Amino acid sequence: MAQDLRNRLMGMLELIYPDLDSGFLADRLITTMGLAPDSPAPPAHQNNWTEADVLLITYADTVQAEDEKPLATLRRFLREQLADTVSAVHILPFFPYSSDDGFAVMDYLAVNESHGDWRDIEAIGREFRLMADLVINHMSARSRWFENFRRRLDPGRDYFVEADPTADVSQVVRPRTSPLLNPVQTDDGERHVWCTFSEDQVDLNFRNPEVLLAFVGIIRHYLERGILWFRLDAVAFLWKEVGTRCIHLQQTHELIKVLRLLIEHHTPTAVVITETNVPNRENLTYFGNANEAHVIYNFSLPPLLIHTLVTGNCRHLKTWLMSMPPAQLGTTYLNFIASHDGIGMRPTDGLLSDTEKQQLIATMERFGGKVSYRQVADGSQQAYEINIALYDAMKGTVAGEGGDAWQLQRFLCAHAIMLSLEGIPALYIHSLVGTENDYARMEHTGRLRSINRAQWPLDRLQEALANPLSHHSQVFGELKRLIEVRRRQPAFHPNATQFTLHLGLQVFGFWRQSLRRDQSIFCIYNVTDSVRQVALSDINLIGTDRWLDLISGQRIDDLGGEITLKPYQAVWLSNRE
């Protein structure tokens, strides 16, 4: 079995490092990961998730209390409020950092002292499956590795990507408008380092196998501290080749295969998740042949779902859903509507027209949102993401001048759709509690993304959630109820069958069937602010079954009749309770 692991690694390493001894490097990787000679391979196509899995996304310090480290406060909030609601928690980078709210890591092996320590991380990991970021593309310019790069010392001297400032890098795909190459003074003189995201985030050089080995050691450290899910941040940019787009290169895919192989041999229940905020077809390639990511982010879902609900037209959402391939067993999608980042616009390429994109942007700006841009090959700038709190994104429609009376219902409808789609649902903590745009934080940091990265004093949050008249309480209560219903349905298993229904452009729907085929759920949503009628004959319910709306509790007795949908109403018609 160990020989099989070694041989598989060698095949991947020969494609990445054709000039190196692949056998020697494979042995070093196996040793660094601490694998035994007879480490068994996990079963093929093993699903490390069920319908009961729901992920919460949060920063370590989103919820704060006086005289307590934020990780301890977060654990308390999770235990008291969400123990029966979420099964897994993604704690965004909790390491010492210099910028970008954690994504410019200074030390991968340490916990930010202001947040807590490894004991706090391990305590959360004992109660919830724990997901952490592997910020693998870049590292802080204030890290020890980069200081060693400047001083020409190891480890670090050859750990970062350098390039000739006269090289043609015009084809390089950029998520930002900042300079790609930045001059740095070193003990050997001036050098130019590659910075895909910012001057403070210097890209790591995976052409040097010592960098790969260092990250395998980091991964082992995380596994030994209870981290089971690994989010490979910005992994699409990992390998650089001047004269190419420097995104999705084959070496990047092979490196993901190497990391997955080592991770799942160490811990068969561990999960690799790729974060690739790119057009849909490109995103799907990170499944590989069920040998790369176990899970990929469904990046097209947030902009398409928001577009559907503010236009009252589900044509594009329905077309996209019909085009999505069912994930193989052992792989699945991560469904989300909001995260710590903005609503990505690149994933709408080929799905929305330029006019529709501009309409969506203009609508979000009316609701208080901001737009971040990226630089493209011809030197122009294109919208990269919309920065807005999801609750405010649902304030109204494209037709109105401002908000309307349907914000809460529209917001809940979006989550009901997300919770029922094929894949694992992930909820950003600010969506779960209905946080609004935080203009003060955005002004304080000078970063547009901060509009959706608010911090809650625990006492204020508890007060808001306890007040039945507040929208925070209403959002929190209803989302918890929907999640509770979802977690009991075999037909909502992340790999359960899914087919799109054709109910017109104002009613969105799809059918889910459990892996054992003993439960069907017809998921139907009015995506408009008007009452809609749906003929049950159009849904084709089986007459010998008894049907119940899992959300309202209403039974369906007349299969030849109609169901009336209030504005933004969600219905989950199931043949079992």
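Me: Which strands each supply at least two residues of the lining of the largest pocket?

Reply: In this predicted model, those strands are β14 (370–375) and β15 (381–387). As a general idea, rolling a probe the size of a water molecule over the atoms shows where empty space is left. Here, the largest pocket holds about 410 Å³ of space. Its lining comprises 18 residues, and the closest to the centre are Arg-176, Ser-372, Arg-447, Leu-448 and Arg-449.

Me: How many residues of that lining are nonpolar, polar and charged?

Reply: The lining of the largest pocket divides into five nonpolar, seven polar and six charged residues.

Me: How many cavities of 30 Å³ or more does the structure hold, and which residues lie nearest the centre of the largest cavity?

Reply: A cavity differs from a pocket in that the probe fits but cannot get out. The structure holds four cavities of 30 Å³ or more. About 220 Å³ of space lies in the largest cavity. Of the 20 residues lining this cavity, Phe-197, Asp-233, Ala-234, Glu-275 and Asp-341 lie nearest its centre. By class, eight of its lining residues are nonpolar, five are polar and seven are charged.

Me: What is the space in the second largest cavity, and which residues are closest to its centre?

Reply: The second largest cavity contains about 100 Å³ of space. It is lined by 13 residues, with Phe-299, Phe-336, Ser-339, Asp-341 and Gly-342 closest to its centre. Five nonpolar, five polar and three charged residues make up this lining.

Me: Turning to strands, why is β20 described as largely enclosed by the rest of the structure?

Reply: A residue counts as buried when its relative accessible area is under 20%. In strand β20 (residues 520–526), seven of the seven residues are buried, so the strand is largely enclosed by the rest of the structure. Both faces are covered: one side carries Ser-520, Phe-522, Ile-524 and Asn-526, and the other carries Ile-521, Cys-523 and Tyr-525.

Me: Which strands pair with β20, and in what sense?

Reply: Pairing is read from the bridges between two strands. Strand β19 (residues 507–513) pairs with β20 in the antiparallel sense over seven bridges, and Trp-511 stands opposite Phe-522. The hairpin of β19 and β20 has six residues between the strands, and Arg-517 in this hairpin takes a positive phi near 65°. Strand β25 (residues 570–574) also runs antiparallel to β20, joined by five bridges. There, Ala-570 is the bridge partner of Tyr-525.

Me: Where does Ser-420 lie, and which side chain does it join through a polar contact?

Reply: Ser-420 lies in helix α13 (residues 407–420). This serine counts as buried because its relative accessibility is 0%. The side chains of Ser-420 and Tyr-525 are joined by a polar contact of 2.5 Å. Not counting residues up to four places away in sequence, Ser-420 touches Arg-486, Phe-492, Gln-498, Phe-510, Arg-512, Cys-523, Tyr-525 and Trp-572. Two of these residues, Cys-523 and Tyr-525, belong to one side of β20.

Me: Are the residues of β1 buried or exposed, and in what sense does β1 pair with β16 and β3?

Reply: Strand β1 (residues 55–58) points Leu-55 and Ile-57 one way and Leu-56 and Thr-58 the other, and all are buried. With strand β16 (residues 424–428), β1 pairs in the parallel sense over three bridges; Tyr-428 is the bridge partner of Ile-57. With strand β3 (residues 88–91), the pairing is parallel over four bridges, and Val-89 is the bridge partner of Leu-56.

Definitions and conventions: Residues numbered from 1 in each chain as written. Predicted model: local features only at pLDDT ≥ 70, side-chain atom pairs only at ≥ 80, totals over all residues. Heavy atoms only, no water. 1 Å grid on protein atoms, 1.4 Å probe; cavity = no way out; pocket = protein on both sides within 12 Å on 5 of 7 lines; lining within 4 Å. Points joined across faces, edges and corners; volume = space filled by probe spheres on them. Nonpolar A, V, L, I, M, F, W, Y, C, P; charged D, E, K, R; others polar. Buried < 20%, exposed > 50% of the residue type's maximum accessible area, 1.4 Å probe, protein only. Polar contact = N/O pair within 3.5 Å; in protein donor to acceptor, adjacent residues only side chain to side chain. Contact = heavy atoms within 4.5 Å.
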